[in-house]
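Trainee: I would like to go through this model one question at a time. Where should we begin?
Mentor: Look at the sequence and the structure, and then we will start with a single contact.

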Amino acid sequence: MPRCKLFCEKEVLEKALLLFWTKGYHATSIQDLVDSLGINRASLYHTFGDKKGLLLRVLTNYQQSNLNKVKELLHSYSDVKAGIRKMFAIAIEDAVNDPDRKGCFGANITTELIPRDEQVLALREENKKNYEELYYEYLSSADELKNKFSEDKLRSIASLIFALYVGLKVVSKVSPDRQQLLTTVDTTLSLLE
């Protein structure tokens, strides 16, 4: 007879995210996970395979959840420039108000594990592609931008927005200066004028 899980996977993934985010992947031991997640080793291995399997599930959930939130936020703004600025403003506020200066989990994992980890690399490449497509579609939804810029130019701007978003999360770990970060965003958004 199969054993019942005595834990909520969603809660375990959220706790694992926080632990990996705070300590990093390599510095997080299996014992750290067992202690923090409140599950035993057998359950961890049975459900996720190993520490790496857990990380991949955490990263996949993190990326999809964030993409959905950004998509919902952007689509709530018909003014494209205002929507993009709001997305950056929220990210900056999160970074400035984080006493641990954790930065972006995805960026942290990228710098810790890539280029040596092909599975993480594939997930991060997919994430980049998904965001750049979201930004491109959003930029293209504005007739004034579609009429002003070629498809290639809009795709380049979408790529720039992605790079700036990730870069701001990294820079905010070093210098969480709200005004300086917003000025950087506004300078970039001036490309849309």
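This is a predicted model: local features need pLDDT of at least 70, side-chain atom pairs count only at pLDDT 80 or more; totals for chains, interfaces and linings use all residues.

Trainee: In which helix does glutamate 9 lie?
Mentor: The chain holds 10 helices and 0 strands. Glutamate 9 belongs to helix α1.

Trainee: Is glutamate 9 buried, partly exposed or exposed?
Mentor: The relative accessible area of glutamate 9 is 22%. Buried would require under 20% and exposed over 50%. Because 22% falls in between, glutamate 9 is partly exposed.

Trainee: Leaving aside neighbours within four places in sequence, which residues is glutamate 9 in contact with?
Mentor: With neighbours within four places in sequence left aside, the contacts of glutamate 9 are Thr47, Phe48 and Arg57.

Trainee: How far apart are the C-alpha atoms of glutamate 9 and leucine 37?
Mentor: Glutamate 9 and leucine 37 are 28 residues apart along the chain. Their C-alpha atoms are separated by 10.0 Å.

Trainee: What distance separates the end C-alpha atoms of α1, and what span should its residues give?
Mentor: Helix α1 has 15 residues, and at 1.5 Å a residue they should span 21 Å. The end C-alpha atoms agree with that span, because their separation is also 21 Å.

Trainee: Which residues of α1 are buried, and which elements do they pack against?
Mentor: The buried residues of α1 are Val12, Leu13, Ala16, Leu17, Leu19 and Phe20. An α-helix has 3.6 residues a turn, so residues three or four places apart point the same way. The buried residues of α1 pack against α2, α3, α4 and α6.

Trainee: Which element gives the most residues to the lining of the largest pocket?
Mentor: The largest pocket holds about 780 Å³ of space. Elements that give two or more residues to its lining are α1, α4, α5, α7 and α9. With 9 residues, the one that gives the most is α4.

Trainee: Which lining residues lie nearest the centre of the largest pocket?
Mentor: The lining of the largest pocket divides into 16 nonpolar, 8 polar and 8 charged residues. In total, 32 residues line this pocket. Nearest its centre lie Trp21, Tyr62, Ser65, Asn66 and Lys69.

Trainee: How many cavities of 30 Å³ or more are found, and which residues line the largest cavity?
Mentor: Rolling a probe the size of a water molecule over the atoms shows where empty space is left. A search of the whole structure finds 1 cavity of 30 Å³ or more, and the largest cavity has a volume of about 30 Å³. The lining is made by Ile157, Leu160, Ile161, Thr188, Leu189, Leu191 and Leu192.

Trainee: Which element gives the most to the lining of the largest cavity?
Mentor: The lining of the largest cavity has 6 nonpolar residues, 1 polar and no charged. Both α9 and α10 supply at least two residues each. The element that gives the most, with 3 residues, is α9.

Trainee: How much of the chain counts as buried?
Mentor: The C-alpha atoms fill a box of roughly 65 × 35 × 30 Å along the principal axes. Of the 193 residues, the share that counts as buried is 45%.

Technical notes:
Residues are numbered from 1 along each chain as its sequence is written. Side-chain values use heavy atoms; hydrogens and water are left out. On a 1 Å grid over the protein atoms alone, a cavity is a set of points where a 1.4 Å probe fits but cannot get out, and a pocket is an open set with protein on both sides within 12 Å along at least five of seven lines; lining residues have an atom within 4 Å of a point. Grid points are joined across faces, edges and corners, and a volume is the space filled by probe spheres set on the points. Helices (H or I, at least four residues) and strands (E, at least two) are DSSP runs, numbered from the N terminus. Ala, Val, Leu, Ile, Met, Phe, Trp, Tyr, Cys and Pro count as nonpolar, Asp, Glu, Lys and Arg as charged, and the others, Gly among them, as polar. The expected span of a helix is 1.5 Å times one less than its number of residues. Buried means under 20% relative accessible area, exposed over 50%, partly exposed in between (1.4 Å probe, protein chains only). Contact means heavy atoms within 4.5 Å.
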